[in-house]
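Visitor: Hi, I'm new to this one. Can you walk me through it?

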Amino acid sequence: MLIAKVQAMLRRTYSFAESTNIIEHNGCIRNLNDQTFTYNGKRIELTKNEYRILQSLLENIGKVVSRDNIMMKLWESDDFIDDNTLTVNVTRLRKKLEQAGLIDYIKTKKVPEYRQI
């Protein structure tokens with residue numbers, strides 16, 4: 001009983017919950033608490049959309065994330081958004097990551113086109 005009370009007091013005092021909002025992948029750290037992305041101790045400045053794209057990809061490490069899923073996460077709407085808008089955002093994100101030394105951090109998987117018969 002005493003141990004449970006001490007643990008509860010420590011949780012309230014030091015707020016250990018914040019540490020669960022951090023994802024580390026290949027030396028990169030994404031912090032959801034302050035919406036920052038750092039690599040080798042250097043902060044990479046990202047726009048809101050760039051951060052959301054990266055967040056979506058990091059939450060699905062090792063999985064393919066479709067353009068539709070990323071677009072839904074960015075704009076949270078079924079309204080039509082020009083597909084090129086996402087391409088521009090991803091291109092800018094890739095450039096910023098490359099400038100920080102993260103070459104090919106985001107990989108694109110091309111899906112073969114289906115032919116109608």
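This is a predicted model: local features need pLDDT of at least 70, side-chain atom pairs count only at pLDDT 80 or more; totals for chains, interfaces and linings use all residues.

Visitor: Fine. How many helices and strands does the protein chain have?

Guide: The protein chain has 4 helices and 4 strands. From the N terminus on, the order is α-β-β-β-β-α-α-α.

Visitor: And what share of the residues counts as buried?

Guide: Of the 117 residues in the protein chain, 26% count as buried.

Visitor: What about contacts between residues 24 or more positions apart?

Guide: Those account for 40% of the contacts in the protein chain with a separation of 6 or more.

Visitor: Let's pick a helix. How many residues of α2 are buried?

Guide: In α2, 8 of the 11 residues are buried, so this helix is largely enclosed by the rest of the structure.

Visitor: Which ones are they, the buried residues of α2?

Guide: They are Asn49, Glu50, Tyr51, Ile53, Leu54, Gln55, Ser56 and Leu58.

Visitor: What covers them?

Guide: The cover includes the strands β1 (22-25), β2 (28-31) and β3 (36-39). It also includes α3 and α4.

Visitor: Zoom in on serine 56. Buried or exposed?

Guide: Serine 56 has 5% relative accessibility. The cut-off for buried is under 20%, so serine 56 counts as buried.

Visitor: What does serine 56 touch?

Guide: Leaving out residues up to four places away in sequence, serine 56 touches Val65, Ile70 and Lys73.

Visitor: Now α3 and α4. At what angle do they pack?

Guide: The angle is about 85 degrees, and the axes of α3 and α4 are 11 Å apart. Angles of 65 to 115 degrees count as roughly perpendicular, and α3 and α4 are therefore roughly perpendicular to each other.

Visitor: Which residues meet there?

Guide: From α3 come Arg67, Ile70, Met71, Leu74 and Trp75. They meet Asp83, Thr85, Leu86, Thr87 and Asn89 in α4. The residues of this contact divide into 5 nonpolar, 3 polar and 2 charged.

Visitor: New topic: pockets. What volume does the largest pocket have?

Guide: The volume of the largest pocket is about 800 Å³. Its lining has 28 residues.

Visitor: Which lie nearest the centre of the largest pocket?

Guide: Leu57, Val65, Ile106, Lys107 and Thr108.

Visitor: How does the lining of the largest pocket divide by residue type?

Guide: It has 13 nonpolar, 8 polar and 7 charged residues.

Visitor: What is phi for asparagine 26, then?

Guide: Asparagine 26 has a positive phi of about 50 degrees, although it is not a glycine. Asparagine 26 sits in the loop between β1 and β2. At 56% relative accessibility, asparagine 26 counts as exposed.

Visitor: And aspartate 104, where does that lie?

Guide: Aspartate 104 lies in the segment after α4. Its phi is positive too, at about 55 degrees. With 51% relative accessibility, aspartate 104 counts as exposed.

Definitions and conventions:
Residues are numbered from 1 along each chain as its sequence is written. Side-chain values use heavy atoms; hydrogens and water are left out. On a 1 Å grid over the protein atoms alone, a cavity is a set of points where a 1.4 Å probe fits but cannot get out, and a pocket is an open set with protein on both sides within 12 Å along at least five of seven lines; lining residues have an atom within 4 Å of a point. Grid points are joined across faces, edges and corners, and a volume is the space filled by probe spheres set on the points. Ala, Val, Leu, Ile, Met, Phe, Trp, Tyr, Cys and Pro count as nonpolar, Asp, Glu, Lys and Arg as charged, and the others, Gly among them, as polar. Buried means under 20% relative accessible area, exposed over 50%, partly exposed in between (1.4 Å probe, protein chains only). Helices (H or I, at least four residues) and strands (E, at least two) are DSSP runs, numbered from the N terminus. Contact means heavy atoms within 4.5 Å. Axes are lines fitted to C-alpha atoms, for helices over the stretch in contact, and angles run from 0 to 180 degrees between N-to-C directions. Angles under 35 degrees count as roughly parallel, over 145 as roughly antiparallel, 65 to 115 as roughly perpendicular and the rest as oblique.
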